[in-house]
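Here's a quick briefing for anyone meeting this structure for the first time. Have a look at the sequence and the model, then read on.

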Amino acid sequence: MPDEILIETIDQIGVARLNRPDKLNALNLATMTKLVDALERYDADPEIRCMLLAGDERAFAAGADINEMADATVVDMYLRNQFARWERIKRIQKPIVAAISGYCLGGGCELMMHCDIVIASENARFGQPEINIGVMPGAGGTQRLTRSAGKARAMDMVLTGHMISAHEALGMGLVSRVVPAEHWYREALNVSRELCTKSPLALRLAKESVLKAHETALSEGLEYERKLFYLLFATADQKEGMRAFLEKRPPVYLGK
Ligand code: CO8
């Protein structure tokens, strides 16, 4: 069994690292399952105070795995129920620090937005490029990005699929700190160590409270987004967009 997730504990920090470097850590179902299982184990472990989630230098994650979605039907996507895993991440009570270097795109950017403190390398690149493959964000991108960045900037990212730099992401409130490239992981580890010195209960309740501010009317938005995301799997353009990516050619969209 390949290790899609590397797990280690450093003092009281539960570390999980995405480990599909040849696929830029694209989030396939196995990766998401193992990641969520690991985070829940850390959440239940009284020895663990906080979690650190990272990719590698080239990519945090370049999105959901397009190979697994390219030929999927609406029914396949519905029965896969992959968003149940994302709901479980939402319920993690201990703080999650994210260490981001390189590409942080699509589902990867949405995963980053599920984390609590985000440390970004100055070389990190963020984006919601789903529009380029005939779909749209499905794991909270249209909702969380808009709440952080505001409508105009969220629309720009979601409708054009353009990537933004780490400093732009900082300006939008998407990340907490930008650090020189050589410090991206060390700084996240330092922040995690600092959290370990705080009251574990206060950390949990403070996290819960900050998230509450984000939550108002969010659920309806997420539900709406999900239905629209599924709906796109009924379009020819979704099949074309994803096939074109896998065949390494430009897509030809017919608007149907
Ligand atoms: N899925 C599958 N494979 C991928 C993905 C991906 N998202 N991203 C990269 N890869 C693979 C490539 O196919 C390639 O594999 P191979 O070597 O076998 O051909 C390898 O990773 C390296 O990628 P590239 O050769 O393309 O590397 P480049 O440096 O030329 O380009 C990019 C890097 C710009 C990041 C480019 O790989 C890219 O555009 N990737 C796709 C980005 C994208 O569209 N992401 C959104 C995916 S859809 C999504 O996230 C929807 C989320 C919905 C909810 C979440 C449910 C889990």
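An oxygen atom of the ligand sits 2.8 Å from a polar backbone atom of Ala-64, which is a polar contact (a pair of N or O atoms within 3.5 Å; within protein, one must be able to donate a hydrogen and the other to accept it, and residues adjacent in sequence count only if both atoms are side-chain atoms). Taken alone, the ligand exposes 1100 Å², and the protein buries 77% of that (Shrake-Rupley accessible areas with a 1.4 Å probe; for residues, only the protein chains shown count as cover). Keep in mind that this is a predicted model: local features need pLDDT of at least 70, side-chain atom pairs count only at pLDDT 80 or more, and totals for chains, interfaces and linings use all residues. Residues are numbered from 1 along each chain as its sequence is written, and side-chain values use heavy atoms, with hydrogens and water left out.

- The elements giving two or more residues to the shell around the ligand are helix 2 (66-69), helix 4 (83-90), strand 6 (103-105) and helix 5 (107-113); helices (H or I, at least four residues) and strands (E, at least two) are DSSP runs, numbered from the N terminus.
- Helix 2 provides the largest share of that shell, with three residues.
- In total, 29 residues surround the ligand, and the closest are Lys-23, Ala-64, Ile-66, Gly-107 and Lys-248 (near means that one of a residue's heavy atoms lies within 4 Å of the molecule or strand).
- Lys-23 also brings a polar side-chain atom to 2.5 Å from an oxygen atom of the ligand.
- Over at Ala-62, a backbone N or O atom lies 3.0 Å from a nitrogen atom of the ligand.
- By type, the shell splits into 16 nonpolar, six polar and seven charged residues (Ala, Val, Leu, Ile, Met, Phe, Trp, Tyr, Cys and Pro count as nonpolar, Asp, Glu, Lys and Arg as charged, and the others, Gly among them, as polar).

**The hairpin**

- Strand 1 (residues 5-10) and strand 2 (residues 13-18) run antiparallel and are joined by six bridges; two strands pair if DSSP finds at least two bridges between them.
- Leu-6 has Arg-17 in strand 2 as its bridge partner.
- The two strands form a hairpin with two residues between them, and Asp-11 is in that loop.
- Asp-11 has a positive phi near 50 degrees, though it's not a glycine.
- Is Asp-11 buried or exposed? Asp-11 is exposed, at 63% relative accessible area (buried means under 20%, exposed over 50%, partly exposed in between; 1.4 Å probe, protein chains only).

**Another positive phi**

- Asn-81, not a glycine either, has a positive phi of about 50 degrees.
- You'll find Asn-81 in the loop between helix 3 (74-80) and helix 4, where it counts as partly exposed at 42% relative accessibility.

**A buried lysine**

- Lys-207 belongs to helix 10 (residues 200-215) and is buried, with a relative accessible area of 9%.
- The side chain of Lys-207 reaches the backbone oxygen of Ile-92 at 3.1 Å.

**Cysteines**

- How many disulfides are there? The count is zero, where a disulfide is a pair of cysteine sulfur atoms within 2.5 Å.
- Cys-50 has its closest cysteine sulfur in Cys-196, 4.2 Å away, so that's too far for a bond.
- For Cys-109, the closest cysteine sulfur is in Cys-104 at 4.7 Å, again too far for a bond.
- Cys-50 is buried at 0% relative accessible area, and Cys-109 is buried at 0% as well.
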